[in-house]
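Here's a quick tour of a single model, written for someone who likes to know what the numbers mean. Have the viewer open as you read.

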Amino acid sequence: MKIGVVFAVMAMPAIAAAGPTLEPIQPGQHYAIDLYSGVPLGNSAVIATGGASQADAIGSSGTLVNASAPAVRQTTDTDRWNWDYHIDYLFGSLSSDYANSGISNLPDGHAQTITFGGALRVRDWAGAITASYHTIGIASSTSALEAQSWLVKLALAKWFPSLDMSIGAAIDTGIFDVVPAAPGAAQLFSIQGAGLEAGAQWIPRRQSFRIGASLVAPISGTNVTIDQCTGAAICGVLPDKVVTPAQFSAGVAYRWGETAWNQQVGGTFRDEVAVTALADIVITGRSADAYGLDAFGIEQLERSGRHNSFSVRGGVEYEWVPGRFRVRGGSYWEPNRFEGVGGRIHGTFGIEGRVLEFQAWGRRRGRITLTGDVARDYRNLGLSIGFWH
């Protein structure tokens, strides 16, 4: 289990750019909201290594990025069956431009993400269900609003011993709501949609490298509920749908250690001095007639996803003191998704220490992890408490 809390700190100085291109929403205009996110989603280790995770996606939290993850075993897992779960909570504050839209539209920097889920493996078959909840405050011309989105994923995967490969598929269901920021307020409108994805990882036995890839189909939500939208200026200019773009990701990982990486070693923990390097490339498709969320709050349109975008991610993990201390570092490029707003480079880091060992349905170790993600107008620190793996 992984439980993380992210606190934002000082914002970095802004880099000069042409600035966002905005136009007012016209009553009756047909358009979509683009729910694209350029920052990685995952556990503390994924964030600290620059979001590179396609070739080392395992279990419940790995399912967030690759549908084949439920069927990939930890190298210490030699049981006929096993289960896994994760919980991560991230809270961001004072990031002046969370979405890299060029709009400082977060008066209190309110943004948070919760991800949780579980996975079950029986022999070579495995399944997982994960949920990601994201909320962000947006300023409105009349009152503060809150945009909320849910992404629920149901994945099925199988390990193929003859191929040294895990292959999986998933169904994604997305729900997007906008509500007034006041506690207990009823939603103004809601949109739902669904999509598919597939993933694979090649883990050649007794080797020290892995390769992974995933393909996510676009989600287009057109089931709009607007019965309760009254009293807010945006109620007269609501979108027809929300979209998440198609995305292809591929990555490679290599581990230098005392023994070959890809083998079942048994035992509860694999305490070795080891360095693992990871790298991903992410290609995100266009979003037809889609616009950004930040501008929507002030009844403006800011074109999002007019072109395909590319991101490179990479990081390194070093188990410095076996079974006791790890350090991580990485970087990634968040591409420009909005017209007139440049992309930005993120620097990431993490340190993880073992704090105690105890018995709870087997031998367990506790850990404390500090994680950071720093960029222009975006700076977060995370403190995570959970189990050592």
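## The overall picture

Accessible areas here come from the Shrake-Rupley method with a 1.4 Å probe. On that basis the chain exposes about 16900 Å², and carbon and sulfur atoms supply 62% of that area. Keep in mind that this is a predicted model.

There are 389 residues in the chain, and 51% of them count as buried. As for secondary structure, we get three helices and 22 strands. Take the contacts with a separation of 6 or more: 67% of them link residues 24 or more positions apart.

## A run of antiparallel strands

Strand S18 covers residues 309-321 and strand S19 covers residues 325-334; the two run antiparallel, joined by eight bridges. One spot to look at is Gly315, which stands opposite Gly330 in S19. The hairpin of S18 and S19 has three residues between the strands, and Gly323 in this hairpin takes a positive phi near 75°.

S19 also pairs with strand S20 (residues 344-359), again in the antiparallel sense, and here the count is 10 bridges. Within S20, Gly353 is the residue that Phe325 stands opposite.

## A four-strand open sheet

Elsewhere, four strands make an open sheet with mixed pairing, in the order S11-S13-S3-S16. S11 and strand S16 (290-291) sit at the edges with a single partner strand each, so one side of each has no neighbour in the sheet.

Strand S3 (residues 32-34) pairs with strand S13 (residues 241-244) in the parallel sense over three bridges, with Lys241 in S13 as the bridge partner of Ala32. Strand S11 (residues 219-221) pairs with S13 too, over three bridges, but in the antiparallel sense. On that side, Ile219 has Thr244 in S13 as its bridge partner, and Ser220 stands opposite Val243 in S13.

What about the greasy bits? The largest nonpolar core has 24 residues, and those touching the most other members are Tyr31, Ile33, Phe176, Val178, Phe189, Leu293 and Phe296. Strand S7 (145-160), strand S8 (165-180), S9 and helix H3 (293-296) each supply at least two residues of this core.

Apart from it lies another core, made up of seven residues, including Ile58, Ala126, Trp159 and Ile203.

Is Glu197 buried or exposed? Its relative accessible area is 6%, and the cut-off for buried is under 20%, so Glu197 counts as buried. This residue is found in strand S9 (residues 189-202).

Which side chain does the side chain of Glu197 make a polar contact with? The partner is the side chain of Lys153, at 3.0 Å. Leaving aside neighbours within four places in sequence, Glu197 is in contact with Ala67, Lys153, Gly168, Ala169, Ala170, Asp172, Leu215 and Val216.

Methods:
Residues are numbered from 1 along each chain as its sequence is written. This is a predicted model: local features need pLDDT of at least 70, side-chain atom pairs count only at pLDDT 80 or more; totals for chains, interfaces and linings use all residues. Side-chain values use heavy atoms; hydrogens and water are left out. Two strands pair if DSSP finds at least two bridges between them. Buried means under 20% relative accessible area, exposed over 50%, partly exposed in between (1.4 Å probe, protein chains only). Contact means heavy atoms within 4.5 Å. A polar contact is a pair of N or O atoms within 3.5 Å; within protein, one must be able to donate a hydrogen and the other to accept it, and residues adjacent in sequence count only if both atoms are side-chain atoms. A nonpolar core is a set of buried Ala, Val, Leu, Ile, Met, Phe, Trp, Tyr and Cys residues joined through side-chain atoms within 4.5 Å.
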